Amino acid sequence: MQGSSVWFAGNMPAMPATTEPKQYMALPPGVVSVCGGPGVAFAADSSGCLHHWGESMVPKAPPLVTPTLFKDLPDTIKFQRVFSHREKRVFLGLDADGGLWCLGSAGDNFLGGLGSELAVRSPRRIEGFDAPVVDACIGLHHVVAITRSGRVYTWGTGPGLGLSAQEAGQMANKTADDLLMNLYKPTPFMLHDLPPMVAVGAGDTCATALTADGTLYLWGQLTDQTKVEVVPKPVPDIKDVVQMVTGTHYVLCLTRDGTVLAWGASKTGGLGIGKDRSASPAPVSVLKDTTARLWCSGGSCFAVSSTGEMHGWGANAWGELGVGHARQCLSPTPVKLGDGSLHVIGLSMGTSYTLFQVAPKGTPLPELVLATGSPDQAYPELPPAFYAEHVPLGEVWVTGSIMGTGTEIDPDAISLYTPMN
């Protein structure tokens, strides 16, 4: 992605709240990726450096009122993309070589992918993939990543991890609540039964993946009224999908003809169809067939057209949609950026704010990040998912080596899980 300036709306760390997008002057132009979490935000610049601001990632350290460079990182690490979850203090960074790095407090959910409950204070590389990683999404209790070869990996807890048909058969006697609470993959695990994919997504208790021909797969539990499906299956009655994004308990899809479809459940209006639930894909009729890109996180969503017009809808308690007020939007509502000479080319949503990557109007949208290779014939066998009745919180729990590869780590950069206040 080309470098851009950063704007924000809502209640961003260390800034006054605003219901209209405003430029964040503390970050210079040249940002290539941004992400926001609860009380802290990250940005990668065009030189691959990582900046952060808001609450410190180190316990009891004072907050950072302006973006600060992460220090003590090897010069060879050049971050191109950063990922976050709006409610979890876990962050992932993707470097120029396809290495995936984690930072933050994974808690009891193993979101760091390191095989243990740890607070990671300096970025640590996640190992065990068959090829360079091209994309990743963080759900409430799990992470989904895809490599250049089209292989999909998951780790964390819950049914959004997915299982092979053989594993599912071994757990056939488990209830939905059992799978929600006691299914673990502490390190990256390949979903062997999936065909090659090009993109992935993660909801609170589900995950999605997309094939090159536009077939959408879903697994886990989309809403509290749907069955738990631990084995990935194609979504019926939907085809020609070119992009999908996954919210808390709903999915939005952009099809080849520019139609946006939504289904699932969202009490905050995330479906954009004027109601809070739809059992099957329904068109978001307010949006025209010129929609070119979708984003969503939690209960908030955005769409931008091929001509640069932007709409936001869903949760907006802090003005994070940037529509000029702090009321919920049940259908897509126009978002204005300054005098109209700019448009959004990327964004990320934190708990109560949105970070917009902004460029002059007419700047083409970056290409969607897709896995374009073909799977290798041979790939590493990884530890299987397993079922556990109870894991004590705060206790290191390792399957194999701590990094999944037998490598040692710096004990000063990683510790037993403690909440970061």
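**Sheet, cavity and pocket in a predicted model**

S5 stands opposite V358 in β28.

Student: Over how many bridges do β1 and β28 pair?
Tutor: Strand β1 covers residues 5–10 and strand β28 covers residues 353–360. S5 faces V358 of β28. The two strands pair in the antiparallel sense, and the number of bridges is 6.

Student: Which strands stand at the edges of the open sheet of 4 strands, and why is one side of each left without a neighbour?
Tutor: The order of the sheet is β2-β1-β28-β27, with antiparallel pairing. Each edge strand has a single partner strand, so one of its sides has no neighbour in the sheet. The edge strands are β2 (18–23) and β27 (342–349).

Student: By what angle are neighbouring strands of the sheet β2-β1-β28-β27 turned against each other on average?
Tutor: The pairing in this sheet is antiparallel. The angle between neighbouring strands is therefore given with direction ignored, on lines fitted to C-alpha atoms. The average is 25 degrees.

Student: Which elements give two or more residues to the lining of the largest cavity?
Tutor: The search of the whole structure finds 2 cavities of 30 Å³ or more, and the largest has a volume of about 80 Å³. Its lining includes F79, V82, F91, L92, W101 and C102. The elements that give two or more residues are β7 (79–85), β8 (88–95) and β9 (100–105).

Student: How many charged residues are in the lining of the largest cavity?
Tutor: Among the lining residues are F42, L50, G93 and P123. By class, the lining has 10 nonpolar residues and 1 polar residue. The number of charged residues is none.

Student: Which strand gives the largest share of the lining of the second largest pocket?
Tutor: This pocket holds about 450 Å³ of space, and L218, L222, T226, W263 and A279 are the closest to its centre among the 21 lining residues. By class, the lining has 8 nonpolar, 8 polar and 5 charged residues. Two or more residues come from each of β17 (216–220), β18 (229–234), β21 (260–265) and β22 (277–283). The largest share, 5 residues, comes from β22.

Terms used: Residues numbered from 1 in each chain as written. Predicted model: local features only at pLDDT ≥ 70, side-chain atom pairs only at ≥ 80, totals over all residues. Heavy atoms only, no water. Pairing = 2+ DSSP bridges. Axes fitted to C-alpha atoms, helices over the stretch in contact; angles between N-to-C directions. 1 Å grid on protein atoms, 1.4 Å probe; cavity = no way out; pocket = protein on both sides within 12 Å on 5 of 7 lines; lining within 4 Å. Points joined across faces, edges and corners; volume = space filled by probe spheres on them. Nonpolar A, V, L, I, M, F, W, Y, C, P; charged D, E, K, R; others polar.
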